[in-house]
Amino acid sequence: MEKSTDCVIVAGDGKRLVADKRMLADSSTFFRDILSTLCHLEEQVIQLPSLDGKMVELLIQIIKGEACVDVWAVENKHVLEAAELVGIVPQSNMDFNDFMEEFSLDQEWDLSFGRGRRNQA
């Protein structure tokens with residue numbers, strides 16, 4: 001591992017990838033929750049046994065903004081499933097309003113304007 005801000009991700013095929021902890025935690029609550037339970041360890045290792053190394057590498061590139069994939073295209077179904085697994089896209093069976101509510105709370109945004117009260121000018 002290169003520096004204390006890094007963690008190791010181990011894919012199901014044994015491939016080990018190094019990633020920035022803050023980047024991962026900022027990308028999804030999945031990574032944030034895992035990293036918060038590992039914070040007391042000197043070497044933080046995240047196991048992703050259901051994903052192969054190439055998929056984990058692609059997900060890291062997507063998170064970094066180095067790759068762009070249309071996860072809604074049928075031919076990218078496996079990428080969508082992996083992205084849903086690690087929480088960088090909402091679950092396809094998730095209600096969009098619930099996602100926006102959770103996202104706005106994470107970002108400390110108030111999206112409740114105009115609800116249940118009149119807009120005042």
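Here are a few friendly notes on the core, the salt bridges and the aromatic pair of this predicted model.

1. The largest nonpolar core has 26 residues. Ile9, Leu24, Ile46, Leu51 and Val56 are the members with the most contacts inside this core. At least two core residues come from each of these elements: strand E1 (6-11), E2, H1, H2, E3, helix H3 (53-64) and H4. H3 gives the largest share, 5 residues.

2. Setting aside neighbours within four places in sequence, isoleucine 9 is in contact with Lys15, Arg16, Leu17, Ala19, Leu24, Ile46, Leu48, Val56 and Ile60.

3. Now to the charged side chains. Side chains of opposite charge can pair when their charged atoms come close. The count for this model is 4 salt bridges, and three of them are worth a look in the viewer, including the one between arginine 16 and glutamate 43, at 3.7 Å from N to O. Glutamate 43 has 40% relative accessibility, so it counts as partly exposed.

4. Another bridge joins the side chains of arginine 22 and aspartate 26, with an N to O distance of 3.8 Å. Both residues belong to helix H1 (residues 21-27), where they are 4 residues apart, about one turn of the helix. Are these two buried or exposed? Arginine 22 and aspartate 26 are both exposed.

5. Helix H4 (residues 77-85) holds both lysine 77 and glutamate 81, which lie 4 residues apart, about one turn of the helix. Their closest N and O atoms are 3.8 Å apart, and the two residues form a salt bridge. Glutamate 81 is partly exposed, because its relative accessible area is 39%, which falls between the 20% and 50% cut-offs.

6. Finally, the aromatics. How many aromatic pairs does a search of the whole structure find? The search finds 1. The partners are phenylalanine 30 and phenylalanine 31, with ring centres 5.3 Å apart; their planes stand at 75°, so the pair is edge-to-face. Phenylalanine 31 is buried, with a relative accessible area of 3%, whereas phenylalanine 30 is partly exposed at 26%.

How values were computed:
Residues numbered from 1 in each chain as written. Predicted model: local features only at pLDDT ≥ 70, side-chain atom pairs only at ≥ 80, totals over all residues. Heavy atoms only, no water. Buried < 20%, exposed > 50% of the residue type's maximum accessible area, 1.4 Å probe, protein only. Core = buried A, V, L, I, M, F, W, Y, C linked by side-chain atoms within 4.5 Å. Contact = heavy atoms within 4.5 Å. Phe/Tyr/Trp six-rings, centres within 6.5 Å; stacked < 30°, edge-to-face > 60°.
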